Amino acid sequence: MAYTSHGHQINGTERDGSKKPATVARCGGPGICGKCSMEATSALRDELAEAILDSGLISYNEEVNRVEHILIRHFRHDELFGEAKETSERFLQLAQFIDRTIQDEAWKTIVLAKLHETQTVAIRAVLEGR
Ligand SMILES: [Zn+2]
């Protein structure tokens, strides 16, 4: 797990083995705080870039499939249940639709990153009963 400089966990990151910070700012974290959102988006993009580099000798098409898979993975929230799970699954379906319909990889990455931020806010709102 990676963390923002305000101390919030960045959902979807796995590669960074950094330790959980001792203090967490009350800024709302990714999806609410501008600084946290920017850092979370860039951490997810870095992870994506690493995965592409790691992929080595696979063909272009396989590489594209792997990129799609990595992005969509961030929309799955198996730890949730009830209304929060339903909310997360609506975003997952939307992400899969975007994945199928947007051909340009760079544009798709930006749209999915923005959608993921929105999903984070929506799930938090459900969990906090807003
Ligand atoms: Zn913050």
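Which residues make up the largest nonpolar core here? Let's start there, and then walk along the chain.

Before that, two bits of housekeeping. This is a predicted model, so keep in mind that local features need pLDDT of at least 70, side-chain atom pairs count only at pLDDT 80 or more, and totals for chains, interfaces and linings use all residues. Residue numbers start from 1 along each chain, as its sequence is written.

Okay, the core. The largest one has seven residues in all: Ala2, Tyr3, Ile10, Cys36, Ala40, Ala43 and Leu44. By nonpolar core I mean a set of buried Ala, Val, Leu, Ile, Met, Phe, Trp, Tyr and Cys residues joined through C-beta atoms within 7 Å. And buried means 20 or more other C-beta atoms lie within 10 Å of a residue's own; with 12 or fewer it's exposed, in between it's partly exposed, and the C-beta atoms are placed from the backbone. Strand β1 (2-3) and helix α1 each supply at least two residues of this core. The largest share, four residues, comes from α1. As a general point, nonpolar side chains tend to be buried together in soluble globular proteins.

Skipping residues up to four places away in sequence, Ile10 touches Met1, Ala2, Tyr3, Thr4, Pro30, Ala40 and Ala43. Touching, or contact, means that the two C-beta atoms, placed from the backbone, lie within 7 Å.

Now zoom out. The protein chain has four helices and two strands, and along the sequence they run β-β-α-α-α-α. Of the 130 residues in the protein chain, 18% are buried. If you take contacts with a separation of 6 or more, 50% of them join residues 24 or more positions apart.

Next, the loop between β2 (9-10) and α1 (34-54), where you'll find Pro21. Is Pro21 buried or partly exposed? Partly exposed, because 14 other C-beta atoms lie within 10 Å. Leaving out neighbours within four places in sequence, Pro21 is in contact with Tyr3 and Gly7. Its C-alpha atom is also 8.2 Å from that of His8, 13 residues apart along the chain.

Moving into α1, have a look at Leu48. Leu48 counts as partly exposed, because it has 18 C-beta neighbours inside 10 Å. Leu48 and Thr109 are 61 residues apart in sequence, yet 9.6 Å apart in space, C-alpha to C-alpha.

On to helix α4, residues 105-127. Its 23 residues should span 33 Å at 1.5 Å a residue, and the end C-alpha atoms are 32 Å apart, so the two agree. That expected span is 1.5 Å times one less than the number of residues. Just after α4, Gly129 takes a positive phi of about 70°.

Which residues of α4 are buried? They are Leu112, His116, Gln119, Thr120 and Ile123. Leu112 is buried because 22 other C-beta atoms sit within 10 Å. Beyond its neighbours within four places in sequence, Leu112 is in contact with Leu71, Ala95 and Ile98.

Glu117, also in α4, is partly exposed, with 19 other C-beta atoms within 10 Å. Apart from neighbours within four places in sequence, Glu117 is in contact with Pro30, Gly31 and Ser37. The C-alpha atoms of Glu117 and Ser37 are 7.3 Å apart, although 80 residues separate them along the chain.

Last stop: how α4 sits against α3 (residues 82-101). Their axes come within 9 Å and cross at roughly 170°. Here an axis is a line fitted to C-alpha atoms, for helices over the stretch in contact, and angles run from 0 to 180 degrees between N-to-C directions. That makes α3 roughly antiparallel to α4, because over 145 degrees counts as roughly antiparallel, under 35 as roughly parallel, 65 to 115 as roughly perpendicular and the rest as oblique. Among the residues making the contact are Phe91, Leu94 and Ile98 of α3, and Leu112, Leu115 and Ile123 of α4. By class, the contact has twelve nonpolar, three polar and three charged residues. For those classes, Ala, Val, Leu, Ile, Met, Phe, Trp, Tyr, Cys and Pro count as nonpolar, Asp, Glu, Lys and Arg as charged, and the others, Gly among them, as polar.

That's my tour, thanks!
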